[in-house]
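Student: Hi, could you walk me through this model? I'd like to begin with the ligand and then look at the rest of the fold.

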Amino acid sequence: MCSDWNEEVYQSRINNASQFLRFEAASPNAEEIKQYRDYALSCTRDNSRQPRALVLGITPELRCMAAAAGFELISADRSPDAISIYQDWLQEPARSQEKIIRGDWTVLGEQISGGIDVILGDGVFGNIHGLESHRELLQELISLLNPGGGIILRQALIPRGFPVEDYESMVLLEKYRAGQLSDGEFGLAMRLWGMSRLAYNPDTCLLDNKIVYDHYEFLRQSAVITPDEHEVIRRYCFAGKNMILSQDVWEEMLESAGLEFEMQPLTGKDWYGYYPVYCCRHAVQ
Ligand SMILES: C[S@@+](CC[C@H](N)C(=O)[O-])C[C@H]1O[C@@H](n2cnc3c(N)ncnc32)[C@H](O)[C@@H]1O
């Protein structure tokens, strides 16, 4: 499973390593990070101690935001590649104060002592295959939270009323060529929706990204898409499977885990509608 997230995948997301810049949409941009920050600060109740944040994955934008907002920081990812590539994207002195756990999210309770005020993640549940596994991870995360704590996630989903036919790869390509989609809007939509008909199984809710990217390689070789267009699409590449739920199923899952949630979609970027940030709090406290 780890090989899905390999060095090539991590490197593809980097726009400029010396400036610590990644491509938006695959990574949360400044507007999204502000939303995470506002939600995160609303989950800290006890001003008498430093609040604690747990980042699921090694997403540098989330780790930098949490450290700058004054959180004690724990980050957890099972991939040694992710840790070695992104570890030093957090600047000193925050970097030496961060605790990085190399391990699976499903057993974090064994490695973390004391409560967490905010759990942050970008695209976490897409990596978790199966509804039962979703439920188990939600329960594990809830068990780590202090009273009043929150779980804040950018979650790719099929929004209610989503016009999937407008996101077919050739329709997206036409819109991109007409200047109606930015690189990020085009690249991420091509990954998640462009090949839905062939690569997404509505019974399992799994998108097979290998099918998606093999097809785009074929389109490049056949000169249907240009090398530049292919390069933009490759910024979002992934070889594994992603679980993508409908908004209704995702929200029912949160509610049945005992979570209340807030989700205020941002405006201005196409993916804000299908990759919104959820702020979840445990209802019984
Ligand atoms: C959370 S997503 C982050 C994607 C995000 N857009 C980014 O690039 O920052 C991907 C990360 O999750 C990690 N991961 C996936 N499943 C995991 C699991 N069960 N336990 C720990 N880490 C996991 C992968 O190793 C990968 O580094």
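**Around the ligand**

Tutor: The ligand is surrounded by 20 residues, and the closest are Gly57, Thr59, Arg78, Ser79 and Ala82. A residue is near a molecule here if its C-beta atom, placed from the backbone, lies within 6 Å of it. This is a predicted model, where local features need pLDDT of at least 70, side-chain atom pairs count only at pLDDT 80 or more, and totals for chains, interfaces and linings use all residues. Residues are numbered from 1 along each chain as its sequence is written.

Student: What does the shell look like by class?

Tutor: The shell has seven nonpolar, eight polar and five charged residues. Ala, Val, Leu, Ile, Met, Phe, Trp, Tyr, Cys and Pro count as nonpolar, Asp, Glu, Lys and Arg as charged, and the others, Gly among them, as polar.

Student: New topic: which residues touch the most other members of the largest nonpolar core?

Tutor: Tyr36, Ala40, Ala53, Ala66, Val118, Leu120 and Ile152 do, in a core of 70 residues. Such a core is a set of buried Ala, Val, Leu, Ile, Met, Phe, Trp, Tyr and Cys residues joined through C-beta atoms within 7 Å. Buried means that 20 or more other C-beta atoms lie within 10 Å of a residue's own; exposed means 12 or fewer, and partly exposed is in between.

Student: Which helix gives the most to this core?

Tutor: Helix H8 (residues 183-192), with five residues. Helices are DSSP runs (H or I, at least four residues), as are strands (E, at least two), numbered from the N terminus.

Student: And where does this core lie relative to the domains?

Tutor: It lies between domain 1 (2-158 + 245-282) and domain 2 (164-243), because both give residues to it. The domain bounds come from an automatic or database domain assignment.

Student: Back to H8: how many of its residues are buried?

Tutor: Eight of the 10, so H8 is largely enclosed by the rest of the structure. Among the buried ones are Phe186, Leu188 and Met190.

Student: What covers them?

Tutor: The cover includes helix H7 (169-177), strand S10 (206-208), helix H10 (209-221) and H11. Contact means C-beta atoms, placed from the backbone, within 7 Å.

Student: Is Arg234, in H11, buried or partly exposed?

Tutor: Arg234 counts as partly exposed, because it has 18 C-beta neighbours inside 10 Å. H11 covers residues 227-234.

Student: Last one: how many helices and strands does the chain have?

Tutor: The chain comes to 12 helices and 14 strands.

How values were computed. Two residues are in contact if their C-beta atoms, placed from the backbone, lie within 7 Å.
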